[in-house]
Amino acid sequence: MTALFLAGVALVSVLAQWLAWALRVPAILFLLLTGLALGPIGGILDPDALLGDLLFPLVSLSVAVILFEGALTLHLAELKGIGKVVRNLCSTGMLASFAVIASAGYFLLGLDGRVALILGAVLVVTGPTVIAPMLNVIRPVKEVDKILRWEGIVIDPIGALFAVLIFEAIMLGSKGGLLGHTLLALLNTVVVGGAIGVAAGWLTTQLIRRDWLPISLHKFGVLAMVLASFALSNWLGHESGLLAVTVFGIWLGNQEGLDLEEVLTFKEDLAVILISSLFILLAARLELSQLWAMGPMVLVLLLIVQFVARPLCIMVSTWGSDLPWRSRALLSWIAPRGIVAAAVSSTFALSLTEAGIPDADKLVPLVFAVIIATVVLQSLTAAPLAELLDQRQKAPDTWLIIGANSVARAIGKALAEQGVSVHLTDPAWEHCKLARMSNLPCYFGTPQSEHAELHLPLTSLSTVLALSPDRHNNALGVLHFAHLLGEEKVYSLRSSEQHGKANKESATFRARQNLFGADITFARLGGMLARGGQIRATRLSETFDWASYQEANPGAQPLFVMQPGKTPRIVTATEVPAPQPGEVVIALQPARSEE
């Protein structure tokens with residue numbers, strides 16, 4: 001029966017993730033609603049009876065992996081370029097939110113002071129997995145979009161680390177003893193967690209750099225190190241494991257020249273699996289009667305979080321900046337709580353309950369109430385508010401080119417010279433470096449990854465051109481962006497018929513391979529460029545019309561037709577624009593010797 005329930009949890013978690021993907025809303029919303037429906041509402045799922053003594057270790061290890069994955073994306077060098085506002089949001093603004101929420105928990109809800117402090121510490125974290133899908137729908141102006149995305153990235157590990165330190169101080173203080181003894185014990189815990197995290201990071205770095213660990217074991221090896229460092233740290237220092245894995249992730253993510261692409265992708269996939277299953281189980285444990293018993297004070301807490309804590313955080317963080325008041329107002333509204341808050345609060349609540357601290361059982365219901373309220377309220381109202389404040393971006397105008405190879409760079413440069421905003425992406429660093437040397441912005445990585453959601457200008461994208469020689473990269477990119485932007489906005493170069501059949505490409509993907517003509521492949525374009533061909537833009541006129549152009553440029557392959565200052569029209573297998581006088585033809589012209 002246990003196996004049947006676990007399989008059912010996996011199945012409904014996939015369904016919840018799919019619904020979130022289809023409706024373009026944060027997945028946490030459907031995961032929590034599914035857990036509530038199966039647990040306190042339907043009475044079908046009882047995680048405590050299902051897992052027994054394994055529940056607490058499972059939750060703890062899952063939270064450790066989630067925090068490590070978040071810390072792995074925090075690059076300290078990038079903190080210098082994120083701006084004063086984001087740094088304030090993750091420091092003074094975070095402390096302001098903590099003070100307001102903790103005070104509300106203590107004075108308004110009458111919680112035990114220690115539980116109120118934990119509540120305030122946990123709810124300072126927003127998180128990128130909740131922010132990113134929301135921003136893709138809202139499409140706020142670029143400055144607001146950048147601030148919110150960077151806040152989600154940076155405050156995830158920093159806020160979690162802050163919450164861990166508050167939790168450790170409370171747990172050590174709860175054992176009694178003088179303040180000095182408590183501070184000494186806290187220092188010991190911080191030293192143990194920090195030392196284990198640094199040691200694990202250093203050792204893992206050596207294993208990868210010196211090839212002592214085969215590539216096939218990188219993913220599993222890093223996961224084993226995360227779990228081992230968490231368990232060892234907790235054994236040596238009370239509740240220091242979360243601190244250890246956070247330090248471990250930050251250390252590993254900031255090593256120069258260390259290839260962690262596969263590890264990061266694996267951790268993202270693993271985090272999705274853990275989050276999907278974990279949150280259904282956690283939501284199923286909620287006792288809604290506790291929330292009803294606290295009455296309207298829960299609503300008061302929600303109002304404090306939304307209308308006092310966040311505006312105060314923004315006011316403190318933007319003090320002295322030149323950010324317009326409309327942008328500050330929108331920032332004051334958007335701060336959905338997410339995965340880290342729910343996971344960490346659940347872990348803390350179990351430890352607090354074991355320690356016999358009053359009101360510990362109220363922590364998780366309150367945190368989940370804030371999560372559901374902020375996600376639902378802000379998902380429904382943020383876009384209209386941004387429209388009202390005139391803080392939404394105009395029509396998206398950036399063209400994303402999948403690939404930064406020679407063909408993609410030549411096409412991107414030709415479009416950029418005509419005033420088109422372009423952004424390239426490639427998993428090969430050499431290609432990205434060459435693109436950036438040509439003043440073409442390039443994202444290093446795969447565009448459909450979770451990391452790309454935080455670093456690509458997704459809210460500005462209008463068109464996607466898949467120009468990678470790797471058919472699998474093209475297929476994945478096309479599938480991903482066709483869902484986000486619509487089928488009519490996504491184009492791909494054609495694979496050869498022989499290669500397409502050999503690689504069992506789907507008919508759907510082959511139908512999308514319509515760029516520049518039915519017989520145009522990457523190999524053909526690359527060959528023309530390698531033999532000295534160039535992409536040139538030519539303006540037609542009454543005396544030099546399209547027929548004259550074709551006669552003067554035999555063998556030229558038209559790529560785009562555009563009116564100056566307007567969006568280019570793409571030449572495809574099914575649509576060959578008839579250029580008119582005054583329009584610009586962008587074409588790949590062969591070397592003179594080939595004409």
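Predicted model: local features only at pLDDT ≥ 70, side-chain atom pairs only at ≥ 80, totals over all residues.
This short talk looks at one helix and a group of paired strands. Residues are numbered from 1 along each chain as its sequence is written, and side-chain values use heavy atoms, with hydrogens and water left out.

Let me start with helix H2, residues 27–41; helices (H or I, at least four residues) and strands (E, at least two) are DSSP runs, numbered from the N terminus. The expected span of a helix is 1.5 Å times one less than its number of residues, so the 15 residues of H2 should span 21 Å, and this agrees with its end C-alpha atoms, which are 20 Å apart. H2 is largely enclosed by the rest of the structure, because 11 of its 15 residues are buried, where buried means under 20% relative accessible area (1.4 Å probe, protein chains only). Among them are Phe30, Thr34 and Gly39. Just after H2, glycine 43 takes a positive phi of about 70 degrees.

Now please turn to strand E4, residues 461–466, where six of six residues are buried. Strands pair if DSSP finds at least two bridges between them. E4 runs parallel to strand E1 (residues 398–402), joined by five bridges, and tryptophan 399 stands opposite threonine 463 in E4. Three bridges join E4 to strand E5 (residues 490–492), also in parallel, with alanine 466 opposite serine 492.

Note on methods: Buried < 20%, exposed > 50% of the residue type's maximum accessible area, 1.4 Å probe, protein only.
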